[in-house]
Amino acid sequence: MKPDLFEAPDYYNIDDLLTEEHKLIRDSAREWVKRDVSPIIEEYAQKAEFPKQIIDGLAEIGAFGPYIPEEYGGAGLDQISYGLIMQEIERGDSGVRSTASVQSSLVMYPIWKYGTEEQRNKYLPKLASGEWMGSFGLTEPDHGSNPGGMTTNFKDMGDHYLLNGAKLWISNSPFCNVAVVWAKNEEGRIHGLIVERGMDGFSTPETHNKWSLRASATGELIFDNVKVPKENLLPNKSGLGAPLGCLDSARYGIAWGAIGAAMDCYDTALRYSKERIQFGKPIGAFQLQQKKLAEMITEITKAQLLAFRLGQLKNENRATSAQISMAKRNNVDMAIKITREARQMLGGMGITGEYSIMRHMMNLESVITYEGTHDIHLLITGLDITGLNAFK
């Protein structure tokens with residue numbers, strides 16, 4: 001196993017904008033990735049297996065609900081800290097970051113924001129510590145970009161709800177202890193329900209044969225007449241805006257995470273360009289290779305500034321859904337383009353597991369689609385600036 005020699009690029013001295021606490025949190029996450037993720041991640045990606053032994057480490061660096069208040073087991077950190085942790089984890093692997101994003105923004109966030117005090121006390125501490133892992137059930141086999149068309153539903157049976165339906169492309173589902181599931185009631189209103197493993201009729205088959213996010217566990221959530229206790233309904237927000245609020249938090253984390261993947265590929269390509277000799281000199285001495293590297297660091301820098309400003313707005317509760325969409329779309333697009341350029345710079349070596357580039361490239365093909373596709377985020381920006389709805 002090659003040593004992890006990663007050095008983070010900071011062309012515009014963005015570290016000067018961070019507090020000492022931000023840097024300490026980021027550096028702790030970076031060292032953990034170097035020690036516990038980098039040495040094993042290629043093997044687990046090749047095996048298409050999630051390395052469950054890293055769950056405790058993710059909890060220790062604050063990756064599970066970093067912004068959740070300490071009274072519920074979270075770290076009580078700000079949104080920039082959350083972003084920096086996601087950046088460092090995705091520098092290691094997008095699939096590992098997906099596990100943390102789902103736990104934080106799609107499971108803990110709705111329980112914290114939309115749940116009762118009893119639900120917060122019951123679930124959040126165990127999720128923050130990694131004792132319990134969670135999944136988020138929104139996407140269905142026939143309803144991806146149009147979640148409002150979901151058919152998963154529940155009926156009021158007097159002393160419980162009866163839940164039926166299925167969800168697809170669910171990170172963490174094969175091993176989750178709890179799932180926050182979005183379903184329609186008998187009036188067609190969308191609500192969130194907390195479903196626990198072990199409830200009769202609830203199953204979580206794993207999805208196989210993925211070429212992307214291979215080190216992340218993906219599966220389905222299937223509900224066949226599942227009896228859900230009434231106290232498991234999230235009471236404080238309903239309608240499509242409730243799950244979309246969770247997605248805003250997750251998309252924000254992705255906007256930071258994608259920077260990590262791009263940084264890793266840039267750093268790898270830069271190092272390789274100084275070591276690889278062709279025609280009697282390092283390939284980094286050739287104009288075309290310098291053009292690629294210069295464009296990479298420019299785009300990374302722009303993405304860093306976009307994410308940092310968005311973090312400030314999030315801290316002030318002023319970030320809009322459209323602003324978050326812009327950052328997610330831009331930064332993932334930036335990252336996937338950098339992976340492709342970096343792969344070319346390494347030639348044939350770029351497709352091997354000796355380097356991280358091809359794994360990042362394959363992972364980002366999922367990241368550019370989930371939590372809102374590239375095109376959907378474009379239309380969200382278009383709607384915001386024109387006031388005209390192009391979705392229908």
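## Salt bridges along and across the chain

Glu43 is partly exposed, with a relative accessible area of 44%, where partly exposed covers the range between buried (under 20% relative accessible area) and exposed (over 50%), computed with a 1.4 Å probe on protein chains only. Glu43 forms a salt bridge with Lys47, and the closest N and O atoms of the two are 3.6 Å apart; a salt bridge here is a side-chain nitrogen of Lys or Arg within 4 Å of a carboxyl oxygen of Asp or Glu. Lys47 is likewise partly exposed, at 40%, and both residues belong to helix α1 (residues 20-47), four residues apart, which is about one turn of the helix. Helices (H or I, at least four residues) and strands (E, at least two) are DSSP runs, numbered from the N terminus.

Arg35 and Asp36 make another salt bridge, at 3.1 Å from N to O, in which Arg35 is exposed at 53% and Asp36 is partly exposed at 28%. Asp4, Arg91 and Asp264 are linked in a network of salt bridges, and the count by this rule comes to 23 salt bridges. Side chains of opposite charge can pair when their charged atoms come close.

## How the model is to be read

This is a predicted model, in which local features need pLDDT of at least 70 and side-chain atom pairs count only at pLDDT 80 or more, while totals for chains, interfaces and linings use all residues. Residues are numbered from 1 along each chain as its sequence is written, and side-chain values use heavy atoms, with hydrogens and water left out.

## The nonpolar cores

A nonpolar core is a set of buried Ala, Val, Leu, Ile, Met, Phe, Trp, Tyr and Cys residues joined through side-chain atoms within 4.5 Å. The largest such core has 99 residues, of which Ile89, Ile111 and Trp182 touch the most other members. Helix α6 (residues 241-275) gives the most to this core, with 17 residues. A second, separate core of 17 residues includes Val181, Ala183, Phe223 and Val228. In soluble globular proteins, nonpolar side chains tend to be buried together.

## Two helices in contact

The axes of helix α4 (residues 94-114) and helix α9 (residues 357-367) come within 9 Å and cross at roughly 35 degrees; axes are lines fitted to C-alpha atoms, for helices over the stretch in contact, and angles run from 0 to 180 degrees between N-to-C directions. Ser94, Gly95 and Arg97 of α4 make the contact with Asn363, Leu364 and Val367 of α9, contact meaning heavy atoms within 4.5 Å.

## Two loop residues

Ser216 lies in the loop between β6 (202-203) and β7 (218-229), and with 3% relative accessibility Ser216 counts as buried. Leaving aside residues up to four places away in sequence, Ser216 touches Phe50, Gly95, Ser98, Thr99, Ser171 and Lys210.

Glu316, in the loop between α7 (287-315) and α8 (321-345), is partly exposed, with a relative accessible area of 42%. The C-alpha atoms of Glu316 and Gln79 are separated by 9.5 Å, although the two residues are 237 residues apart along the chain.
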